[in-house]
Every structure is written in structure tokens, then in C-alpha cells.
Amino acid sequence: MVSRFLGLVRDQISAAIFGDSVFNSAFVTAFRLPNLFRRLLGEGSLTAAFLPTLQHELHDRGRPGAYTLLNQVTSWLGLTTAGLCAVAMFVLLSGHGLIRHFVNDPSKWILVADLSAILFPYLAFICVAASLNAALNVFEHFTEPALSPIWLNLCMIVTLGGAGYHLAHSPLGELHWLCAGVLAGGFLQMAVPAGVLIHLGWRPRLDLTLSPRVREIARLMAPGFVGTAIYQVNILVASYLAMSIDDSSATVMFYANRLMELPIGVFAIAVSTVVYPLIARHAVEGKFDAMADDFRKGIRLILIINVPAAVGLAVLSFPITRLIYQHGHFDSSATRLMTPLLTLFAVGMPFFSVVNLTVRAFYSVRDLKTPVRVAVIDFFVNLILSLTLMHRFGALGLVAASTCAIIIQTVLLQRALMRKLPELTLLPLVDSTGKVLLGAAIMGAVVRLSWSMLTTHAHFAARLNDLVTVFGLIPLGIAVYAAALLLLRVEGLEEVTAVLTRWKRRPNSPQ
């Protein structure tokens, strides 16, 4: 939560300084490239493969063996990412001639290439940091890994809102300060866990031994690597397509997506954190009826929480966007561009959350291939729809394509899951889902009517109007929705409190 709050502050500062200009769009597009490889090589598949392997090594050979394996993994990661950075930076900096030859507006794409080259070393820092944080989790030190993204956000806030704003004399200079914040934050994300591990007894050294454990990690990474690659390439392509539309689309799409991800990152992960171990244990024990019950409980919880969140975000998209982002150079025209994108992103929000838990159900039965196959289909659906819709609807067409693709992915994953495990059908949720939709519709109507009355009859200044709307109508909406669910007697309502209570009682859990 602290990290996401700081990320929101970071976005507010960058929006105020750069607005929806080409400089902001170039930065968010350029930052996608090192983030793509960070997801592929560092977080996700590496952590999922490295953590249990290190756990086995710790059990078999104690801390000396675990430290040896950590040195081997960090050595190979450092070598691989350093080589990748060198190649990527050379290609990006030497490709200006090709850019001028193949694109109509080369100046902004050259800016993207130059910023990508500056930011690429972040990849090496964060990939090594991912392995160090995984080791800390194995050694039952959870605070430092949880703090990791905070260092990045703090550094970006300081370098842009502090030094960049006061010392730079041009937008390009401010961008370079922002890039410096990314690199400084990446270094801290690596240095802090390294310092803790050294304090615990680890002695870093270069070790390029291809031990059986290292080969095992590489083998375990492969399926997750492919699945993550498809998803991240999808995001990268969408960002580049947005950049090709105009100077503003990449920026407003990025900010809208960030707001949409907030409820997913907080509530959907809370539910998945509680439900995933349960369904995994039932799968191992062969108790598929019990697995189905807990899986449906998880889906119902996600819908109870995320459907009203999506409705509220869609209904209040304009005042929320104006309150958070309309400062400095992010003007009213940028708010008008972003508002429909946020509304459309909100439509897909519950589906993103359902997919998260459905994929974990496949992992529980050791089926890693089906989610990858569905992800491939989803990639091509998204690409075809994006290319079809963007020319007529611009950025709105890209978001519509993304939303349609996630809905299709949800349906395909659930059909495949039912074929594999018929017990996991969602038909028993039809009644409660209908009640959730009705309750959310009532809430949305009340909030929309209240906002309309407030705007018409309360003669507040725009900023005060937005403050009253967001901090007054959101609690009102929650109260109306809760009352509707109680009157409709939605099954599983008591589980919301139980899950969130259990989540809050895990202060040392990795986030």
C-alpha cells in the first residue's frame, strides 16, 4: 500500500511537470523495454523457480550451500543482464539512421530509443535484486523485499520533484533527472537486500559453475518465462501502438492503467494470497470437490470486491482523474482524453482479477502449458483488435481491444479448467453473481445521481467539488452496496471480512 501510494505521488509529479506531452509518452514507452526484460529474467518466473530450489538447498546443505547457490545464480544473472544491456544500448543508440528511414516522425522515436538506452541498466540491478529478495524470503526476512519498490518510487520522486524540477532548464533535462532516479532506485533495490544478506553471513563472489541446481532453476523457469513473455510483449506492443497514434495517447493510457491496477493489486492479491495455498493443498491431496469449493469462494470474493470497485471507478472516472492528475501541465484536455480510457479499463478489471486466480488453479494441478496456450491466443486477439480499432478510435480502440482480449482469455481459461476438472464449474455462482451485479448497479446509480446533484446544485470550486465527490460519495457508495448485499442476502459476504482480516494479520508477508 505504501509503495502504491508513493507510485501515485510519483505519477502526479510527472503528470504535473510533463502533462500529456511527447516527453512523458516517450518516457513511459521507453521504460516498458527494460521492464519487459525485468519481468522475463528477474521477477516472476525466476523467483518462482529459484525460491523452492534454494529452499531445498538450504534443507540439504544448510546456509553454506544456500549461499553458494545464491552466488551462482547472481553471477549468471549479472553476466546475462550485463551482456543484454550492452547489446541493447548499442542497438538503440546506433539505430537512429534506421528510425529516420522507416518512420514518419523520427524525432519522438529517437527520443524513445535514447531514453531506453539510458534506462536499460536498471534491468541488471532489478534482476539481481529479485534473486536477493527471494533468498531473504527463504531466510524468513520479509520486510526488506516488501520495501523494495519503495526505494524506486522515492528516488524518482526526489530526482524529478526535487532536483529535476529546480535544476533542469528544459523538459529533456527533467527527463534525464527522472532516468537518474530510476537508476538510483534500481541500485538501492539491489544494494539494500545485499547488505542484509551480507550481515547474515553471505559473502558475494563470482561463481559461474553450472551446478545441477542452476540447471534445475533454468528448466523450471522455461514455462513461466514463455507465459510472462507473451503478456509483457502484449503490453510493450500496446505502448508502441499508442505512441504511434499521437503524442498524448501513451501517457493517458499509462495513467489510466495504473489507476485500474490499484484495486487489483490490493484486493485481488489479498484474495489470491489466502485462496491459492488452500486450492494447492487440496489438489495435492486429490480432494477436488474441496478444491472446487475454495476456488469458487475465491472467485465470489473477487467479484464481491472488484465489481463494485470497477463500477465506482467507471462512474467517477472524471472527478477521480481531475482530482489526482489535473495539475500543472496536465490540463483539462488531458483529463477529457483519459476519462473514457479509465472507464473502459474498469470494465475489464474484474476479468483481470478472475484470470489471476484461474491461472493459479492450473498451477495447483501442475498444468503450466494451458495458461501459456491461452496467453498466445490472447496476444493475437489483442494485436488484431488493436490494429483494427486504433485507426478509427485511437487510444480508446487500444483499450477496447485489451478489454475484449481479457474477457476472451477469462472465458477460454475457465472452459479449459472445466474440461480438466469438471468439479470447478462456476455454475453455482450464477445466483450470487447476479446479486453482486444488481447491488453494484444500485450503488452506481446512487453515486451517479448524487454526483450529478452535487455538480448541479453545490457551487463549489472544481477542486473542492472533486474532493467532496471522491471522499464523500465513495463511502456513500460502499454503504449503499453493503446494504444492497445484505438485503439480497448474497452468499459469502461474511468471507470478505474473514479474508481481509487474515490478510491484515500477515504484516511480514512478501508483497
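Okay everyone, which side chain meets Arg322 in a salt bridge? It's Asp466, and the N to O distance is 2.7 Å. One caution before I go on: this is a predicted model.

So where do these two sit? Arg322 is in helix H12, residues 317-325, while Asp466 is in helix H17, residues 462-488. They are 144 residues apart, so the pair links distant parts of the chain. Arg322 counts as buried because its relative accessible area is 17%, and the cut-off for buried is under 20%. Asp466 is buried as well, at 1%.

Thr335 touches Phe318, Thr321, Arg322, Gln326 and Phe330, leaving aside residues up to four places away in sequence. Thr335 has a relative accessible area of 0%, so we call it buried.

Back to salt bridges: a search of the whole structure finds 11. One of them joins Asp293 and Arg296, with the closest N and O atoms 3.3 Å apart. Both belong to helix H11, 3 residues apart, about one turn of the helix. Asp293 is partly exposed at 41%, but Arg296 is buried at 12%. There's also a network of salt bridges linking Glu57, Asp60, Arg61, Arg213 and Glu216.

Now the nonpolar side. The largest nonpolar core has 133 residues, and Phe27 and Phe50 have the most contacts inside it. Helix H3 gives the most to this core, 14 residues. Have a look at Phe27 on the screen: among the residues it touches are Leu115, Leu119 and Met156.

How values were computed
Residues are numbered from 1 along each chain as its sequence is written. This is a predicted model: local features need pLDDT of at least 70, side-chain atom pairs count only at pLDDT 80 or more; totals for chains, interfaces and linings use all residues. Side-chain values use heavy atoms; hydrogens and water are left out. A nonpolar core is a set of buried Ala, Val, Leu, Ile, Met, Phe, Trp, Tyr and Cys residues joined through side-chain atoms within 4.5 Å. Buried means under 20% relative accessible area, exposed over 50%, partly exposed in between (1.4 Å probe, protein chains only). Helices (H or I, at least four residues) and strands (E, at least two) are DSSP runs, numbered from the N terminus. Contact means heavy atoms within 4.5 Å. A salt bridge is a side-chain nitrogen of Lys or Arg within 4 Å of a carboxyl oxygen of Asp or Glu.
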